[in-house]
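Me: I would like to go through a protein model step by step. Could you show it to me first?

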Amino acid sequence: MHDLTAFQRDVLYVLAGLDEAYGLAIKSELEEYYEGEVNHGRLYPNLDDLVERGYVEKGQIDRRTNSYELTDAGTDALSDRREWEDSYLDDLEVATA
């Protein structure tokens, strides 16, 4: 996961939190977090890249709507990332206590 952009990592986190992940739902969650518009031209190429890297599986809800789901590799990558982040946050909590 070290080779992903921050935006791609955020997409993975959003996917982990959504029950039904499709493009517009993902876009909406990201826009809420970023407090601004996320362009289709940014979102969908990044989703496709995450699919190519094996972190996300792309399915189809209907002819116009794709679904997205974390793969085991995506879940493992997020778990590893959280573990790494927590190791630094634990140090931060000790330093500020």
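The questions and answers below go through this model.

Me: What kind of model is this, and how are residues numbered?
Reply: This is a predicted model, in which local features need pLDDT of at least 70 and side-chain atom pairs count only at pLDDT 80 or more, while totals for chains, interfaces and linings use all residues. Residues are numbered from 1 along each chain as its sequence is written, and side-chain values use heavy atoms, with hydrogens and water left out.

Me: How many helices and strands does the protein chain have?
Reply: The protein chain has four helices and two strands. Helices (H or I, at least four residues) and strands (E, at least two) are DSSP runs, numbered from the N terminus. Along the sequence their pattern is α-α-α-β-β-α.

Me: What box do the C-alpha atoms fill?
Reply: Taken along the principal axes, the box is roughly 55 × 30 × 25 Å.

Me: How do strand 1 and strand 2 pair?
Reply: Strand 1 (residues 56-60) and strand 2 (residues 66-70) pair in the antiparallel sense, over five bridges. Two strands pair if DSSP finds at least two bridges between them. Strand 1 and strand 2 form a hairpin, with five residues between them. Glu-57 stands opposite Glu-69 in strand 2.

Me: Changing topic, which residues of helix 3 are buried?
Reply: They are Leu-43, Asn-46, Leu-47 and Leu-50. Buried means under 20% relative accessible area, exposed over 50%, and partly exposed in between (1.4 Å probe, protein chains only).

Me: What do they pack against, and what is on the face turned away?
Reply: The buried residues of helix 3 pack against helix 1 (6-17), helix 2 (23-34), strand 1 and strand 2. The face turned away from the buried side carries the exposed residues Gly-41 and Glu-52.

Me: Which residues of helix 2 are buried?
Reply: The buried residues of helix 2 are Gly-23, Ala-25, Ile-26, Lys-27 and Leu-30. Their cover includes helix 1, helix 3 and strand 2.

Me: What is Ile-26 in contact with?
Reply: Leaving aside neighbours within four places in sequence, Ile-26 is in contact with Val-14, Leu-15, Leu-18, Ala-21, Leu-43, Leu-47 and Tyr-68. Contact means heavy atoms within 4.5 Å.

Me: Which residues touch the most other members of the largest nonpolar core?
Reply: Of its 22 residues, Leu-12, Leu-15 and Ile-26 touch the most other members. Helix 1, helix 2, helix 3, strand 2 and helix 4 (72-96) each supply at least two residues of this core. Helix 1 gives the most, with five residues. A nonpolar core is a set of buried Ala, Val, Leu, Ile, Met, Phe, Trp, Tyr and Cys residues joined through side-chain atoms within 4.5 Å.

Me: Where is Glu-35, and what is its phi?
Reply: Glu-35 is in the loop between helix 2 and helix 3. The phi of Glu-35 is near 55°, a positive value in a residue other than glycine.

Me: Is Glu-35 buried or exposed?
Reply: Glu-35 is exposed, with a relative accessible area of 74%.

Me: Which residue just after helix 3 takes a positive phi?
Reply: That residue is Gly-54, with a phi of about 90°.
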